[in-house]
Amino acid sequence: MDCSDFQDKLDQYLDRRLDAGEHTRACTHVRSCRPCDQVVTSFQKTGALLRTAAADRAAAVDVSGLWDSISSQLDLEGERRPAVASLAAAREARTQRGLRVAAARAIRTRIGQLVAVAAAAVVAFVFLGGERQDTTTASGAIAQSRPVRIESMEVAEGHRVSTWVKPRIKTRVIWVADAGDFAVQNALDER
Amino acid sequence: MDPADSELVERGRAGDRQALHALVERYQRRILGVVVALVRNPEDAREVVQESFVRAFRSLDAFKGDSSFYTWLYRIAVNQAIDLQRRESKRTTVEYDETQPAGDAPLAFGGKTRGEDPYDAVRNRELGAKIFEAIEDLTPDHRAVILLREIDGLSYEEISQVLGCSLGTVMSRLHYARRKLQGKLKELL
């Protein structure tokens, strides 16, 4: 085997893909050819340094809590969110949520703008008397409702529940909002 | 005796979260090993690994068992990492690390010397950083092939299966990537 033949088969020699006979001839050539031996050595050294560098990088990554993150994402995606097609879409969704949270916090500092709340607000109407009624919601939409029985309710961390009855239309209102909004509402009630 | 992957997958399909947890514990570091070499920073690597496990667990019903669970997961992770690299390569912004002295190449992160001579440890870490600079000059496809071969020791057939390309393509990309790296690193080795 000459140098040209050996160079053609170099990758397969490095990756041990030559048959026994060719491998023997290649080894014989490397032992007797200093330039080819140096090429083999440099390729092998590159591979070894690459593995070391990759191991260093991997060791520096903190994977504690990875399972918790995966489990939480499985819970969220199973309950509320549509499937995210790509990592970029997930990042964009997180960015947009962050922008919405930041904007909502800025608005809350201004008295009288209670309606601009970023937190989830759920309003359930329980009607006394069993009749279907149409009501106007805070946003101005018309809500058509039937009597419902609420057995239990879970509220996300950081949110509070307030409930009251509107006697004129015999309606019980359940308001779930970010805890910070109640400070604004209390200030309005006290005026 | 630890349960086999097939048993954990079946239990995972039935909703057993402990089984899924066991699969994460079993493979997170191995998956991370190649992902962190493919992407630029550790935060992206962690996110790719997380997203890969989530995708795999959401698609467990589609896993037919014609490859091992690890190979299937590995394929998801590598392709996620390659997709991220392709998007990153289209960006025109340049990251600037203020902690690095101007003009110096950043060292590979991680400070373990593994008991070797300190001078050799520093020298090898600098070489490692140079190697990753050279690696990042390759296209995502060439990078993936050489990293799968050199870091994880996958055979050509396994690389072909993971990347979804022909054996001939694997061989030609590996040939090109090795020579390009040699060209960039020959003065250092």
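Because the model is predicted, local features need pLDDT of at least 70 and side-chain atom pairs count only at pLDDT 80 or more, while totals for chains, interfaces and linings use all residues. Residues are numbered from 1 along each chain as its sequence is written, chains are lettered from A and ligands numbered from 1 in the order in which they are written, and side-chain values use heavy atoms, with hydrogens and water left out.

Chain A comes first. Reading from the N terminus, the order is α-α-α-α-α-α-β-β-β-β-β-α. Of the 191 residues in chain A, 28% are buried (buried is under 20% relative accessible area, exposed is over 50%, and partly exposed is in between, using a 1.4 Å probe and protein chains only). Chain A exposes about 12,200 Å², with carbon and sulfur atoms supplying 51% of that (accessible areas are Shrake-Rupley values with a 1.4 Å probe; for residues, only the protein chains shown count as cover). As for contacts (heavy atoms within 4.5 Å), take those in chain A between residues at least 6 apart in sequence: 41% of them join residues at least 24 apart.

Next comes the interface. Chain B puts 56 residues into the contact and chain A puts in 46 residues. On the chain B side, helices α2, α3 (42-58), α4 (69-89), α5, α6, α7 (156-163) and α8 each supply at least two residues that touch chain A. Helix α3(B) gives the most to that side, with 13 residues.

The structure holds 20 salt bridges over all chains (a side-chain nitrogen of Lys or Arg within 4 Å of a carboxyl oxygen of Asp or Glu), and eight salt bridges are counted between chain B and chain A. One of them pairs B:Arg178 with A:Asp11, the closest N and O atoms being 2.8 Å apart. B:Arg178 sits in helix α8 (residues 167-185) of chain B and A:Asp11 in helix α2 (residues 10-14) of chain A, so this pair joins two chains. Both B:Arg178 and A:Asp11 are buried. A:Asp11 also meets B:Arg179 in a salt bridge, at 2.9 Å from N to O.

Two further pairs involve helix α4 of chain A. B:Glu150 and A:Arg51 form a salt bridge at 3.2 Å, N to O; B:Glu150 belongs to helix α6 (residues 140-150) of chain B and A:Arg51 to helix α4 (residues 34-59) of chain A, so the pair joins two chains. B:Glu150 counts as buried at 13% relative accessibility, whereas A:Arg51 is partly exposed at 36%. In the salt bridge of B:Glu136 with A:Arg57, the closest N and O atoms are 3.7 Å apart. This pair crosses between chains, from helix α5 (residues 118-136) of chain B to helix α4 of chain A. Here B:Glu136 is partly exposed at 27% relative accessibility, and A:Arg57 is buried at 8%. Through shared partners, salt bridges join A:Asp11, A:Asp15, A:Arg51, B:Arg149, B:Glu150, B:Arg178 and B:Arg179 into one network.

Last, the nonpolar cores (sets of buried Ala, Val, Leu, Ile, Met, Phe, Trp, Tyr and Cys residues joined through side-chain atoms within 4.5 Å). The largest has 69 residues, and B:Phe57, B:Phe69 and B:Leu163 have the most contacts inside it. Helix α2 (residues 17-38) of chain B contributes the largest share of this core, twelve residues. Beyond its neighbours within four places in sequence, B:Phe57 contacts residues of both chains, including A:Trp67, A:Ile70, B:Leu20 and B:Phe69. A second, separate core of twelve residues includes A:Tyr13, A:Val30, A:Cys36 and A:Val40.

Notes: Helices (H or I, at least four residues) and strands (E, at least two) are DSSP runs, numbered from the N terminus.
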